[in-house]
Amino acid sequence: MKTRSNFVAACVLLLASFAGAQAPGTPATAAPLDKVAQSQEVQLNMRKVDILLHLMPLALKKDQYEALLSELEKVRAKQRLVLETEDDEVIKLGAELEATVKEALEKGSYPKRELQVRCFKTTRALGIVRQLARGEMADSLYSVVNKMFDAGQKKIAANSIDWKLLDPTSDLDKKDEPTKIRAYITAVLMDPLAYDLMILLAKKAN
């Protein structure tokens, strides 16, 4: 089970690396829209398969799904609030950035280094806020998981992912079970796709 899951995760990471590195194509080289949509759909299903391979071995009962979904609804609300705050802060820089780009391209004016520094400080600060919020959300989910999962389910969650595959520098193998479960919560349960998949899985659970 873990081998298949690791393979899917590797595929998703590989595709993501290509997507991040590839510059927007020109009309002559860009893929047809239907092919792009088809590729995105395939990649989406890759992610769903990966998440399902981490969720289904837990064999959660209906009441466990309901408890997790209830807590995830709170988490998703917090996630939306964090993202809205990020958008507000980024938009504040919009007019100045647009004017700077226009002057650089039309008048040859060099962008001010100070503006670049402010952009860096803004994104770094937002990243810290997001990381702290993510930790708080993971803690709230862990409190639910820790009370609800039996020993077998905790062991499955803790050993579900080969973290070396995702991050060769990781040293989770030497961490205790609660730390591994928190990592599982962040990577699997807090994935945006997990919520909808759990709703469907809950319908067939006992």
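Trainee: Which helices are included in what covers the buried residues of α9?
Mentor: This is a predicted model, where local features need pLDDT of at least 70, side-chain atom pairs count only at pLDDT 80 or more, and totals for chains, interfaces and linings use all residues. Residues are numbered from 1 along each chain as its sequence is written, and side-chain values use heavy atoms, leaving out hydrogens and water. In α9 (residues 192–204), the buried residues include L193, Y195 and M198, buried being under 20% relative accessible area with a 1.4 Å probe, protein chains only. Helices are DSSP runs of H or I, at least four residues, numbered from the N terminus, and the cover, by contact (heavy atoms within 4.5 Å), includes α2 (33–55), α3 (62–91) and α8.

Trainee: Thanks! Which residue caps the N-terminal end of α9?
Mentor: Look for a side-chain oxygen 2.8 Å from the backbone nitrogen of L193. A polar contact is a pair of N or O atoms within 3.5 Å, within protein one able to donate a hydrogen and the other to accept it; residues adjacent in sequence count only if both atoms are side-chain atoms. The cap is D191.

Trainee: How are α3 and α9 oriented to each other?
Mentor: Their axes, lines fitted to C-alpha atoms over the stretch in contact, are 10 Å apart. The angle, on a scale from 0 to 180 degrees between N-to-C directions, is about 155°. Angles over 145 degrees count as roughly antiparallel, so α3 and α9 are roughly antiparallel.

Trainee: And what is the angle between α5 and α8?
Mentor: Helix α5 (residues 113–148) packs against α8 (residues 177–189) with axes 9 Å apart. They are roughly perpendicular, a label for 65 to 115 degrees. The angle is about 110°.

How values were computed:
Helix = DSSP H or I, 4+ residues; strand = E, 2+ residues; numbered from the N terminus. Parallel < 35°, antiparallel > 145°, perpendicular 65-115°, else oblique. Buried < 20%, exposed > 50% of the residue type's maximum accessible area, 1.4 Å probe, protein only.
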